[in-house]
Amino acid sequence: MSTFEPGFRWGAATSSYQIEGATAEDGRGPSIWDTFAATPGAIDNGDTGEVAADHYHRYRDDVTLMKDLGLGAYRFSIAWPRIQPAGSGAVEQRGLDFYRRLVDTLLEQGIEPWPTVYHWDLPQPLEDAGGWPERDTAQRFADYAAIVHGALADRVTHWTTLNEPWCSAFLGYATGRHAPGRREPAAAVRAAHHLLLAHGLAAEAMPGSTVGLTLNLTDVSPASRAEPDLDAARRIDGLQNRLFLDPVLLGDYPADVQADLAGVTSFEHVLPGDLKTISAPLDFLGVNYYSPMLVAGGGAPRPSAYVGSDRIEQVDGGRPRTSIGWEIDALGLLSLLTRLNRDYPAIPLYVTENGAAFDEPVHDRARVAYLDGHLRACAAAIAQGVPLEGYFAWSLLDNFEWSYGYAQRFGLVHVDYETQERTLKDSARWYAGVIARGGL
Ligand code: FCB
């Protein structure tokens, strides 16, 4: 049996736009996801987050579900447009009150609240002013972070500034697959920097708390030992992993990635002092892992999230896939965690997202197998000395899966979107057992 230390945190994760609904309630302003979802063709089936899992109204019942599962911690995100509908200035008290009620309900049930300050729902007025490619957005984010911290720090200890800045920057501004749907490679690289700066400034604005950052990282391998494939793996690892890890944990952008991006942008948007702000000591790193990447170089150029590396293609590793098409490889998580501990030592790690989309409504054997394999990888990493302190399954509930809409279901708990009825899937029962036993 793989056991975990008694203090290991067992959790599940969600995010505001994906579950809350109530997008026009209690003074909430529009976010880039409201605008994007209203754009014809942007989201499969024309789905939007207007109702989602109606968590805004059902949060008490959802916390009861969490209690029934035995969760020790719940990772959720705070919707910036509920707190500052215009993205700056006036604060909407009703928005703060919602998160206070949520946090208090969690605490009453003995569940630790783990808020993420930003999980992609940028207030639309800030995008209208230029969005993340504009430096000012970072300062606006720090102001907002100080507001939510001021309102909740008496009852919340662990804070995460950003979720997956890679997605915000490169899916939002390079491929346009995510809101705001822009296709401007140079702007995407600026966005990445301003997101990192936003993280650093926000961390300064949240004194006395335990503050982390969540990145979507992956295990990248070359398709062969041929030079173009080896170079492809170096480049993709650079853009996906090191472009974010190095500034935060080592205090500088990797030289090879800067060179790879030379045709896209000079790094003139990086001002003196920025890297010092970005690399201030971090209390923990959140790792979101779903799937590995096998890459080959030398193909024909094509539009890509990996700006400046558009001849690289992701090749089929021959492994089984989830319903969203992502290859399953638990050993990729083990390899990623041990690599983090080697290249960026001594930082406490949490898996802040891991999970799978499968179209098995309640008897979700495939999800149980996925989670079991990845938790075994976590146990193996710990046995090899990796300071992994917790695991959050993605996701507590079926929810709005961004550009895929509601068709892709990641929940431990099934949501009937007609009635909003929640039903525990087999994976939820299985996970409750793992938590109760403290291991597999
Ligand atoms: C991650 C996101 C999360 C969810 C999962 C499947 O990239 O952080 O919101 O969509 O993927």
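So, H414 stands opposite T423 in β13. Strands here are DSSP E runs of at least two residues, and helices are H or I runs of at least four, numbered from the N terminus. The partner strand β12 covers residues 413–416, and β12 and β13 pair in the antiparallel sense over four bridges; to pair, two strands need at least two DSSP bridges between them. Together β12 and β13 make a hairpin with four residues between them, and Q420 in that turn has a positive phi of about 65°. In β13, residues 421–424, the covered face has R422 and L424, while E421 and T423 are on the uncovered one.

Quick word on what you're looking at: this is a predicted model, where local features need pLDDT of at least 70, side-chain atom pairs count only at pLDDT 80 or more, and totals for chains, interfaces and linings use all residues. Residues are numbered from 1 along each chain as its sequence is written, and side-chain values use heavy atoms, with hydrogens and water left out.

Okay, the ligand. Which residues are around it? Among them are H119, N163, E353, W394 and F410, where being near means having a heavy atom within 4 Å. Now the polar contacts, meaning pairs of N or O atoms within 3.5 Å. A polar side-chain atom of H119 is 2.8 Å from a ligand oxygen, for N163 that distance is 2.9 Å, and for E353 it's 3.0 Å. Taken alone, the ligand exposes 290 Å², and the protein buries 95% of that; those areas are Shrake-Rupley values with a 1.4 Å probe.

W394 brings me to the backbone. A cis peptide bond joins W394 to S395, with omega about 10°, and S395 is in the loop between β11 (388–394) and β12. There's another cis bond between A179 and P180, omega about 5°, and P180 lies in the loop between α8 (165–175) and α9 (185–204). Why point these out? Because most peptide bonds are trans, and most residues other than glycine have a negative phi.

On that phi point, A22 has a positive value near 50°, and A346 has one near 75°. A22 is in the loop between α1 (16–19) and α2 (32–37), whereas A346 is in the loop between α13 (330–343) and β10 (349–353). Buried or exposed? A22 counts as buried at 9% relative accessibility, but A346 is exposed at 70%. The cut-offs are under 20% relative accessible area for buried, over 50% for exposed and partly exposed in between, using a 1.4 Å probe and protein chains only.

Technical notes
A polar contact is a pair of N or O atoms within 3.5 Å; within protein, one must be able to donate a hydrogen and the other to accept it, and residues adjacent in sequence count only if both atoms are side-chain atoms.
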